[in-house]
Structure formats: structure tokens, C-alpha cells
Amino acid sequence: MYTVNRFGAVDVLTAGNGGVVPYGNTVVVRGSDAVLVIDPSLALDDDPVGADAVMISHAHEDHIAGLRHFTADTFAHRHDAAAVGSLDTLIAGYGLDPDLRDAMTTVMTDDYHLPAVRDGVVGVTDGHTFDLGDQTATVIHLPGHTAGHCGVLIEPAGFLYVADIDLTSFGPMYGDLGSSLDDFFASIDRVGEIDARWYGTFHHKGVVSGRSEFGNRLATYRHRILEREERLLEFLRQPRTFDEIVAHRLVYRPHVEAPWVRSVERRTVQLHLERLHAAGAVIAIGGGQTGLHTGVDQADTRSGAVSTMSWVIA
């Protein structure tokens, strides 16, 4: 179930629970010539508007759960289009341990109703524009959360949809194999430079009015990344193995259990260690069979060697 909230030519179909996972807030852009739906969520039980096109902001199950109700052409950034069209590709992007993939497949099919294959997903790039008549919807590539994560700027309505740059107190998520911490910072900075009347998120926060309020919330959201880094540096006041850091948890609270939790924590730790090592803030002091080290070159951190080492603040 959902309620409809109108912002000029844009309707936000706000999930009954406010957009808390597994639900989200679907965006509908009503132009004079065509209607675009963005991120049909699990809250939908049909196509309520007769969409002419559907844009998927990125390949995560909660953003495509309602897609089964639509017959219109489906679009996604070219980096995520294959995962929108294939359940196996979607799950592979999480980097799960092999013994957890079956459990994740069950969640995707039973809880999110995702098919094994969805044909005809069209890949687009930054700047792709949907001409809807008196409104346009322009794709803004905002990688970091996933490689193909996108927002959509609707004009002249003045509505910027930022998808999973969602301003939640939980903070940014960058735990997929295609995630990038540097890209996430850049994407946060990019949306902060766009002047809009309204800013819409897929999850809890919904719609924020005005650039000033959005900027304040965006700064707090961005700082969550730095807070995780501060906690990590505090933990590394004595040498820690990669597995010890993962078990310490930077993202989820200790009681949270789900098939994807370890993979998210592992990828998050890897990205932060790479960033901190590049800045000279941490060093590797041991590497499994490779003996004692006083450092590691950047190529080694990107190859996965980061997980065989122990780490400490420099």
C-alpha cells in the first residue's frame, strides 16, 4: 500500500511504512505526452499510471520488486542493466560466499518476486533524457552505491530524485563488488551542486524541500562515512587482522543477521583500508604466507591482498 504525494508534475508513491526496507518510494513523472515511472517498489501491486517507460536507478532488489507489474520499456544505466535483467548477475554483484547464494536466491524470489530473467532492459548513460512533453527527466550518473547508480533530474518541475543517496542516519551503503568509496564521495558532492526545488529519496526521508535543507542533511549523511573511518582508526590502535575488523562491524549492529551482512562488511572494510592506506593513515604489518611488511602498494590492495594482512594505524 502507498499514499500519493504530489510535487508539481511529480507524484511520489510513498510506501505505507514510509519507505523502510524492503519497501521504497516510487516516483512518477507526468508529462503532457508520456509518463515515466522510476523505481517501482514492493509497495505496488499493479501499474497504477499506465507508464510509457520505467527507469531503474540501480540494480538492487528493492528498486525492481514492482517491475513485474509493468509492460513498458525498462531502462537502467549500462553498468547495472545486466543485473536488472538477470537474477544470477544481480546476486553475483553482492560477492556472497558460495554457500549463501541459494539463501539469497530464495529471498529474492520469495520476498521480492524477482524472475530469473527479464528481457529487454535498455542500458543508458549519464545525460540520457526522457522527453515527456512539457517535462524532461535527465539521468544523472551517481556511482558509488553501485557502479550504475543514478539519480534523475525532472525539469521544469525542479525535482531531483537521488535514489539511494537516501540521507538516512544509517548512512551510505557501498558494500557491493561494484561499489566505490571515492565514487560515492564524488556523487554526494555532485548532487549537492544541483539546485532543485525538491529532492526525493527512495527510502525513509522521502522528499526534502529546498537546497539549503537538502545540503544540511547531505552533509550529515556524508559525515557518516568519516565516522566509520574514525571508528576503524580507533580499532586499529593495535594490530588487527582483516577478519577481526570485519567481525567488529562498521555498518551493521552486532545482532543483525542476513545472508548479505558479511559480504557488505567485508567490502566496506576493504574500501576503507584502501582509502586510509593511500592517505598514509594505516599500514599493513603482516601478510599470511608473505611474511612481515611495513606497507603494501596500491595495486596489492586492489587485488584482494588486503584481506590476508593485519593492519594498524601508521
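**Overall fold and contacts**

A: Of the contacts (heavy atoms within 4.5 Å) with a separation of 6 or more in the chain, 57% are between residues 24 or more positions apart. This is a predicted model, in which local features need pLDDT of at least 70, side-chain atom pairs count only at pLDDT 80 or more, and totals for chains, interfaces and linings use all residues. Residues are numbered from 1 along each chain as its sequence is written, and side-chain values use heavy atoms, with hydrogens and water left out.

Q: How many helices and strands are in the chain?
A: The chain has nine helices and 16 strands. Helices (H or I, at least four residues) and strands (E, at least two) are DSSP runs, numbered from the N terminus.

Q: How much of the chain is buried?
A: Buried residues account for 54% of the 314 residues. Buried means under 20% relative accessible area, with a 1.4 Å probe and protein chains only.

Q: Which residues touch the most other members in the largest nonpolar core?
A: They are Val 54, Val 84, Leu 90 and Met 108, in a core of 31 residues. A nonpolar core is a set of buried Ala, Val, Leu, Ile, Met, Phe, Trp, Tyr and Cys residues joined through side-chain atoms within 4.5 Å. Two or more residues come from each of β4 (35–38), β5 (53–56), α2 (81–85), α3 (87–92) and α4 (101–110).

Q: What does Met 108 contact, leaving aside neighbours within four places in sequence?
A: Met 108 is in contact with Glu 61, Leu 87, Leu 90, Ile 91, Tyr 94, His 113 and Leu 114. Apart from this core lies another, of 26 residues, including Ala 9 and Val 139.

Q: Changing topic: is His 77 buried or exposed?
A: His 77 is buried, with a relative accessible area of 3%. It is found in strand β6 (residues 73–77).

Q: How do β10 and β11 pair?
A: Strand β10 (residues 150–155) and strand β11 (residues 159–163) are antiparallel, over three bridges. Ile 154 has Phe 159 in β11 as its bridge partner.

Definitions and conventions. Buried < 20%, exposed > 50% of the residue type's maximum accessible area, 1.4 Å probe, protein only. Pairing = 2+ DSSP bridges.
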